[in-house]
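Hi everyone, thanks for coming. I'd like to walk you through one model today, so let's bring it up on the screen.

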Amino acid sequence: MCLIQQLLQSRGHIYSAAYSGWYCVPDETFLTDSQLRLDEENGGRFSLESGHAVEWTEETNYMFRLSQLQDEVRQWVKQEARIRPAKFQKILLDTLNEPLPDVSVSRPTSRVHWAIPVPNDDSQTVYVWLDALINYLSSLGYPDEQFVRHWPPAQQIIGKDILKFHGIYWPAFLLAAGLAPPQQLHVHSHWTVDGQKMSKSRHNVVDPVRAAEQFTMEGLRYFLLREGVAHSDGNFSHVKALRVLNSELADTLGNLLSRVCARSLNPRQLYPAPQAEHFSQLTRDLDAAKRMQEALLQLAARCEQHYESNHFHLVADTVMAVLHATNNFFECAKPWELKAGGSCPNAPRLETIIAMTMDALRQCGIVLQPMMPQLAGRLLDKLNVPGSQRTWSALSENFNINSRQLEGGNPVLFQRIVESTPSQSPSPSPSPSQQSKPSKSKKQLKKTATSAS
C-alpha cells in the first residue's frame, strides 16, 4: 500500500489540498450534488445509491488527479466487451461523459484513526477504497516479479453497488501507476427474497447453510445459477426453488436416467452401441428422434456461447430443452414394447433407443459440469464415461462405438424434495432424510411406461 501511494505521489498524481463536500460516513465517500437526494421535509441529503445520510465536511486531504485521467479511463471503458453486461458499461460512460472532480484519497487521522497511515504523514490515513483495491495487487505478490505472470486479470467479478470504484477509480489508479487495468469487469446484480429486498429488519435473509441442507449443495448451486442473471436483481423464492429442482433435476433429468437404466428394460445393464440401420430408421421415420438430434447438434455451440457470456440461465434452458426432447423421444419410441416379453420384441432397435437416450444424457452431463460438478459427475460415472472423455471436445466425438457396462449402484441422481409437515418435523431445520424421498418413476406417472420402470 505504501509503495503504491508513494509511486502515485512521485508521478505527480497526488497532491495536498483543502477539500469540502458532502461526505457519507457509512459509505466512506464524498458525493457530488448529482449523486444526492434532497428530503424536502427536513432538508437532509441522502446518497441516491445507498440511501445513507450525508454531511457537509471541510478538511485538508490528499487528492488524486482523477480529472487528468478521465479520458484514458473512458477509452478503457469503451472497449468492446470491457464491461459486461452492457447496461453497466452505459452507466459508467454516462458518468464519464460529465467532468469528474479529483477524488480525496486520504482522511484525517482524527476522524478515521483505524485506517493505514499515509506514508510520512501521521495526520492522514489512506482512503479505504484505495487501500482495498490495492489488495488485488498485493495478493499476487506485487511488486515482486511473479506478479506479472498473473496480471492483468482476464476478468474481475464485482457487485453493481461497487461499480464506480472498480469501473472508474480502480482503472484510474492503475493507469496512474503504469499498470494495466483488468481485461474485463463482469458486474452482477443482487438477490431479493419473494420480491423484497433482503435485510435483517425484514427477517428475510436466506441462510445459505440451511438452504443447502434442504435443497442440497448442488441443488442450491443450480437454482442460483438458473435464476440469477447479472443484468437484473434475481428473486429467491422458496416455492420456486422447490418447483424448479423437482421439475428439472428430479423429473426431467433424474427420472430419464432411472428409466433408461431400469433392469426391466436394460437387464444386462449396458450402455449399448447403436445399430446403424435402426438409428437411420428412427431419425428418418420418428419426428421426436429428429427433434432430439437437431437439439443435440446445437447443444455444444449454444452452451459454449452462453458460458462465455456468463449466461448460466441460458445454459440451463438449452440443456433442459434437449432433455425434454429426449424424454419425448423415449416416450414416442416406446422401448418397453421392444424388450423380451414385450408386444413386439426387437433387441437391436431397443438397444439403439437406449444408446441414443444415454448419449443425450452423456452430452448434457458434460455441459452441466461447470454448474453442478458433483451431480454431473455421478451421471457420467453411471454411464461409465472415462474422465478423459468428459471434456468439451468430447461433445462432438462418436463416443460409444462398442457397448460398455454401466456402473453399479442406484441411478437416482436427485431426490424429490418434499416439505415436511409440522407433525413430521418440529425442528426449524429439518434433516435431509425428513425432507426428501426418491423421485417417482414414470411408471407411477404414466401408464404407458408401466413396464419401463
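**Pockets, a helix pair and a lysine**

The largest share of the lining of the largest pocket comes from helix 5, which gives five residues. Before I go on, please keep in mind that this is a predicted model.

So what is the volume of that largest pocket? It comes to about 1,400 Å³. The lining has 47 residues, and those closest to the pocket's centre are Leu 31, Gln 35, Ser 47, Glu 49 and Lys 164. Several elements supply at least two lining residues each: strand 1 (14–24), strand 2 (29–31), helix 3 (86–96), strand 7 (103–104), helix 5 and strand 13 (191–193).

Now over to the second largest pocket, with a volume of about 540 Å³. Here 24 residues form the lining, and nearest the centre you'll find Gln 293, Asp 359, Arg 362, Gln 363 and Glu 397. Two or more lining residues come from each of helix 9 (276–285), helix 10 (287–308) and helix 12 (347–368). Which of these helices gives the largest share of the lining? That's helix 12, with six residues. By class, the lining of this second largest pocket has 15 nonpolar, six polar and three charged residues.

Let's go back to helix 5, this time for its packing. A pair of packed helices is described by the angle between their axes and the distance between those axes. Helix 4 (residues 128–138) packs against helix 5 (residues 163–176) at an angle of about 70 degrees, and the axes are 11 Å apart. Helix 4 is therefore roughly perpendicular to helix 5. On the helix 4 side, the contact is made by Trp 129, Leu 130, Leu 133, Ile 134, Tyr 136 and Leu 137. Helix 5 answers with Phe 165, His 166, Trp 170, Phe 173 and Leu 174. How do these contact residues divide by class? Ten are nonpolar, one is polar and none is charged.

One last stop, at Lys 200. You'll find Lys 200 in the loop between strand 14 (196–197) and helix 6 (208–215). Is Lys 200 buried or exposed? Its relative accessibility is 74%, so Lys 200 counts as exposed. For a sense of scale, Lys 200 and Thr 326 are separated by 126 residues in sequence and by 44 Å in space, C-alpha to C-alpha.

That's my tour, and I'm happy to take questions.

How values were computed: Residues numbered from 1 in each chain as written. Predicted model: local features only at pLDDT ≥ 70, side-chain atom pairs only at ≥ 80, totals over all residues. Heavy atoms only, no water. Axes fitted to C-alpha atoms, helices over the stretch in contact; angles between N-to-C directions. Helix = DSSP H or I, 4+ residues; strand = E, 2+ residues; numbered from the N terminus. Parallel < 35°, antiparallel > 145°, perpendicular 65-115°, else oblique. Contact = heavy atoms within 4.5 Å. Nonpolar A, V, L, I, M, F, W, Y, C, P; charged D, E, K, R; others polar. 1 Å grid on protein atoms, 1.4 Å probe; cavity = no way out; pocket = protein on both sides within 12 Å on 5 of 7 lines; lining within 4 Å. Points joined across faces, edges and corners; volume = space filled by probe spheres on them. Buried < 20%, exposed > 50% of the residue type's maximum accessible area, 1.4 Å probe, protein only.
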